[in-house]
Amino acid sequence: MTGGSVVLALCLGLSLAAHDSFRVIFQWNYVDFAWPSDEARQRAVDRGEYVLANNPIAGIKCWKGKMYLTIPRWKDGVPVTLAVTPSSPVNGVTAPRLEPFPSWEMQTLGDCDAFQFVQSMEIDPAGRMWVLDTGRTATQTLEAKARCPPRLVILDLENGGAVLRSFRFPADVTPPDSVYLNDIVLDHEDGGVAYITDSSREDPGIVVYSLANDTAWKVRHDSMKAKAEAVGFMVAKTHVISPINVDGIALSPAGSHDRQVYYTPLSSFHLYSIPVSVLKNRTDNVDRYVRELGRKNSQTDGMAMSMSGVLYFGLLADDAVAMWDTKHMQSFTTGQRVISRDHALMQWPDTFAFDEEGNLWCVTNSVQNFLNNRVDVSQPNYRVIKMHSGTKSYQYLEDGSVPDLPTVTAGARRAARDLSALAALFAALLAAPIAALSQ
């Protein structure tokens, strides 16, 4: 064995040895909620507003002993699209009822101040949750409906989920009738930037949102589109045939040089990267900046990056989770390794999350059954699994400390509207005594 091979084997051995095995922490046959009353639950069932088989868990993020989960409104009958529960089983209950977050009112269909369709969110180290609301519901049916404009909502978890900012994406960035806001990562440099995958069939791309300027734009490239060779695959002997554009996204760690956004369409075997500088500069033609990093042996949904530069990603057709140490293994092709595989418990690893204790969480949700109308609510369908990775998310510096974070205000445009409204109110108050004197 050559010296280089010895180093390669040692790095791989250290990376794999640092990981524990995934353990099932929660498991649901179907998702239920903390209803105001049994009567309210029954009314929702009778009206078709709560259909047991239509409530798969998709997204997960953790913060201070709580686990935040998303239930996308892929079909009708989903009363809650963003929920919360303790991240450790209470009294041994491993299928807890979920609390709507931040409230029942914020789940109201047709109310554009409430959440309509949440699939993904991210929580920054200051406890601010960045929530993507596509605004469309029943997206996996022929009756998909654009109920409200797509938006990004920032909530303050330290203040009961109070809304810090709500940004509506312009129609030329995310057309309301076709948009599909899929996943999000956060860059806290340059005043704060979010990178968001839009899996829209008509106009896929990476949406860039500037917190400082309260504006957004989209970067498009052929690598962000589904590839015919990867459209069809099988999970647990169930066929999945659906072209899905750019989906999984990850960001190299805070403080690293020449930061990269990593991404892949779900219907693709390839992993790509693009520098954040290119995304921030609104570069029109990004052909020369996009790198094709290598081929995976399966399609991927969610991805996550650790503060030490390890990329975790699911392998859907393999019921597995893999990793790539981007810092020590420059080649994705030779550096990727499967760290966990279970053909029963890991069907469709969807979304990942890190907590503050060095644990990596993952939702596995057997979406192949949902897509084929084969959800059996008498059997386990949705799981939250966890392993100790000994690291935090990409949002932290490599020593575990928190980088400088941007301040989240109401936003320049909202502030201008509020100031205008206050000015109008002040003018009206001044005019009132004058009008009274003239009578």
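Is C112 buried, partly exposed or exposed? C112 is partly exposed, with a relative accessible area of 23%; buried means under 20%, exposed over 50%, and partly exposed in between (1.4 Å probe, protein chains only).

The model is predicted: local features need pLDDT of at least 70, side-chain atom pairs count only at pLDDT 80 or more, and totals for chains, interfaces and linings use all residues. Residues are numbered from 1 along each chain as its sequence is written, and side-chain values use heavy atoms, leaving out hydrogens and water.

**View 1. The protein chain holds 6 helices and 28 strands.** Helices (H or I, at least four residues) and strands (E, at least two) are DSSP runs, numbered from the N terminus. Of the 439 residues in the chain, 56% are buried.

**View 2. A disulfide joins C112 to C148.** A disulfide is counted when a pair of cysteine sulfur atoms lies within 2.5 Å; here the S to S distance is 2.2 Å. A search of the whole structure finds 1 disulfide. The torsion about the S-S bond of C112 and C148 is about -90°, so the disulfide is left-handed.

**View 3. The pair C112 and C148 links distant parts of the chain.** C112 sits in the loop between β5 (99-100) and β6 (118-123). C148 sits in the loop between β9 (145-146) and β10 (151-156), 36 residues apart from C112. C148 is buried, with a relative accessible area of 6%.

**View 4. C62 and C362 both count as buried.** The relative accessibility is 8% for C62 and 0% for C362.
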